[in-house]
Amino acid sequence: MKIAFIGLGIMGMPMAKHLVAAGHTVSGYNRSRARVDEFAADGGTAAASVTDAVRGADVVITMLPNHPEVEEVVLGQGGVLESAEPGALLIDMSTIRPETSIAIAEAARDKNVRVLDAPVSGGEAGAKQAALSIMVGGEEADFAAARPVFEALGKTVVHVGPHGAGQVVKAANQLVVGGIYGLVSEAIVLMEASGVDAKTGLDVLAGGLAANRILDLKRESMVARQFQPGFRIDLHHKDMGIATDAARQADVALPMTGLVAQLLAAARAMGHGSLDHSALLKVVEQLSGRA
């Protein structure tokens with residue numbers, strides 16, 4: 001396929017490169033020209049603008065930080081809907097509000113552009129390893145057409161419902177991930193304050209009922225206080241806002257989600273927004289007077 005990929009960030013760059021490796025012709029655009037040049041050096045095609053990237057594309061993928069950027073790139077002047085060919089498929093892989101995904105699908109229908117919302121989970125490591133989980137909202141036929149794209153990027157690819165459903169499932173993913181980070185942080189603080197070696201303790205937890213992917217991937221770096229970002233606190237804070245807004249829209253109470261959202265807000269207020277979301281440990285330490 002001829003693919004336009006817009007957003008060559010920490011996640012987008014390796015994803016776009018996997019599509020090139022899978023044999024697709026990929027035109028990449030990013031506001032930072034250095035990222036575009038890097039992509040071109042690895043076999044992609046450099047685009048000078050959104051319009052340039054989208055022109056003639058069968059599939060357009062957006063991987064952007066938040067809904068304002070998606071709205072600007074998709075709905076704005078010179079954006080995707082102005083530039084896409086009739087019948088093209090727009091796959092937004094950003095994590096944004098479900099209502100924005102639904103609004104984009106409605107606007108695209110008038111332009112004869114098909115749309116899927118397909119946020120991902122797995123972080124930078126999952127993007128680099130083509131091992132992402134991809135949760136897709138939209139029409140079943142469009143999901144089937146997009147399968148070759150998704151299979152180049154992820155290991156778990158599931159159609160979860162109509163437009164916006166992918167974003168709801170991603171919000172659920174983020175509240176669970178945030179909650180686990182908070183609890184692992186508390187486990188570390190408890191063990192260390194009690195004179196127990198936290199690394200040894202977490203090794204035991206990872207082999208029992210408390211086992212989870214965060215313990216598998218992050219327990220050593222958390223104990224070592226290494227918080228190089230794979231997924232920044234700033235972005236997870238944004239995602240928790242999506243989760244709490246979705247709860248309000250659905251008229252449900254998610255009390256633990258609210259608590260995790262406040263811990264992430266505290267992390268940002270403490271100046272940790274650029275660190276990995278595992279840096280919730282720093283907040284728990286601060287609350288316990290162990291910073």
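This is a predicted model: local features need pLDDT of at least 70, side-chain atom pairs count only at pLDDT 80 or more; totals for chains, interfaces and linings use all residues.
## Strands β1, β4 and β5

Strand β4, residues 59-62, pairs with two other strands. Strand β1 (residues 2-6) runs parallel to β4 and is joined to β4 by four bridges. Within this pairing, Ile 3 has Val 59 of β4 as its bridge partner. Strand β5 (residues 89-92) is also parallel to β4, again with four bridges. Here the bridge partner of Val 60 is Leu 90 in β5.

Both faces of β4 are covered. Val 59 and Ile 61 lie on one side, Val 60 and Thr 62 lie on the other, and all four are buried.

## Helices α1 and α2

Helix α1 spans residues 12-21 and helix α2 spans residues 33-41; they pack at an angle of about 25°, with axes 10 Å apart. Angles under 35 degrees count as roughly parallel, and α1 and α2 are therefore roughly parallel to each other. The crossing of α1 past α2 is right-handed.

On the α1 side, the contact is made by Met 13, Ala 16, Lys 17 and Val 20, which meet Arg 35, Glu 38 and Phe 39 of α2. Four residues of this contact are nonpolar and three are charged, with no polar ones.

## Helices α9 and α12

Helix α9 (residues 165-193) packs against helix α12 (residues 233-250) at about 120°, and the two axes are 9 Å apart. The helices are therefore oblique to each other. α9 passes α12 in a left-handed crossing.

From α9, the contact includes Ala 171, Gln 174, Leu 175, Val 177 and Gly 178; from α12 come His 236, Asp 239, Met 240, Ile 242 and Ala 243. By class, six of these residues are nonpolar, three are polar and one is charged.

## Helices α10 and α11

Helix α10 (residues 198-205) and helix α11 (residues 213-223) have axes 10 Å apart and pack at an angle of about 170°. That makes the two helices roughly antiparallel.

In α10, Ala 198, Lys 199, Leu 202, Asp 203 and Leu 205 meet Leu 215, Arg 219, Glu 220 and Val 223 in α11. The contact of α10 with α11 has five nonpolar and four charged residues, and no polar ones.

Methods: Residues are numbered from 1 along each chain as its sequence is written. Side-chain values use heavy atoms; hydrogens and water are left out. Axes are lines fitted to C-alpha atoms, for helices over the stretch in contact, and angles run from 0 to 180 degrees between N-to-C directions. Angles under 35 degrees count as roughly parallel, over 145 as roughly antiparallel, 65 to 115 as roughly perpendicular and the rest as oblique. A crossing is left-handed if the near helix is turned anticlockwise from the far one by less than a right angle, and right-handed if clockwise. Contact means heavy atoms within 4.5 Å. Ala, Val, Leu, Ile, Met, Phe, Trp, Tyr, Cys and Pro count as nonpolar, Asp, Glu, Lys and Arg as charged, and the others, Gly among them, as polar. Buried means under 20% relative accessible area, exposed over 50%, partly exposed in between (1.4 Å probe, protein chains only). Two strands pair if DSSP finds at least two bridges between them.
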